[in-house]
Amino acid sequence: LSNGRSSLSTIEDKGEDLQVQHDDAVFAQERLTKELSESREQNVELQKKIDQLVEDRDEARREAARESERALVANTRVAQAEASTSILLIRKAQETRAALEKMQNEAQVASESELIGLREKL
């Protein structure tokens with residue numbers, strides 16, 4: 001009887017130990033399930049942030065491309081205006097040169113006429 005009680009006590013102790021281990025395992029499983037759920041939520045939030053950053057980056061690239069295109073158009077217009085101004089300045093210089101040559105020719109003709117007139121007087 002004593003051996004039976006001892007065996008029963010040992011079985012009960014092992015049963016209690018198994019129950020404690022089971023309770024610990026259930027608690028650990030619940031904790032890990034909760035941590036996994038929290039981790040998934042964090043991953044979802046991080047993915048949303050990544051998606052937003054990618055969209056912001058893409059929009060910044062598009063805006064930079066549009067700004068570059070606007071700058072190119074503006075620079076082209078400035079270059080065209082400078083070219084037009086240069087053409088006008090060249091034409092004005094040619095007109096001025098022609099006028100100066102004409103005045104020089106007229107002065108030379110007048111000077112020659114004056115010389116002829118002075119020779120005749122002499």
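This is a short talk on the overall form of one chain and on a few of its residues.

Let me say at the outset that what we are looking at is a predicted model. The chain has 1 helix and 0 strands, and that helix, α1, covers residues 2-121.

If we turn to the dimensions, the C-alpha atoms of the chain fill a box of roughly 175 × 20 × 10 Å, taken along the principal axes. The radius of gyration is 52 Å, whereas a compact globule of 122 residues would have a value near 14 Å. Buried residues make up 0% of the 122 residues, and the accessible surface of the chain comes to about 11300 Å², with 56% of that surface belonging to carbon and sulfur atoms.

On the matter of charge, there are 19 positive and 26 negative side chains, and the centres of these two sets lie 10 Å apart.

Now to some individual positions. E35 sits in helix α1, and because its relative accessibility is 39%, E35 counts as partly exposed, given that this class lies between the 20% limit for buried and the 50% limit for exposed. Between E35 and D23, which are 12 residues apart along the chain, the separation of the C-alpha atoms is 18 Å.

Further along, L46, I50 and V54 together make a nonpolar surface patch of about 240 Å². V54, one of the residues in that patch, also has its place in helix α1, and V54 counts as partly exposed because its relative accessibility is 34%.

Terms used
Residues numbered from 1 in each chain as written. Predicted model: local features only at pLDDT ≥ 70, side-chain atom pairs only at ≥ 80, totals over all residues. Heavy atoms only, no water. Helix = DSSP H or I, 4+ residues; strand = E, 2+ residues; numbered from the N terminus. Buried < 20%, exposed > 50% of the residue type's maximum accessible area, 1.4 Å probe, protein only. Rg over C-alpha atoms; globule rule 2.2 N^0.38 Å. Areas by Shrake-Rupley, 256 points an atom, 1.4 Å probe, with all protein chains shown as cover. Lys, Arg positive; Asp, Glu negative; His and termini not counted. Charge placed at Lys NZ, Arg CZ, Asp CG, Glu CD. Patch = residues over 30% accessible without salt bridge, like charges linked within 9 Å, V, L, I, M, F, W, Y side chains within 5 Å. Salt bridge = Lys/Arg side-chain N within 4 Å of Asp/Glu carboxyl O.
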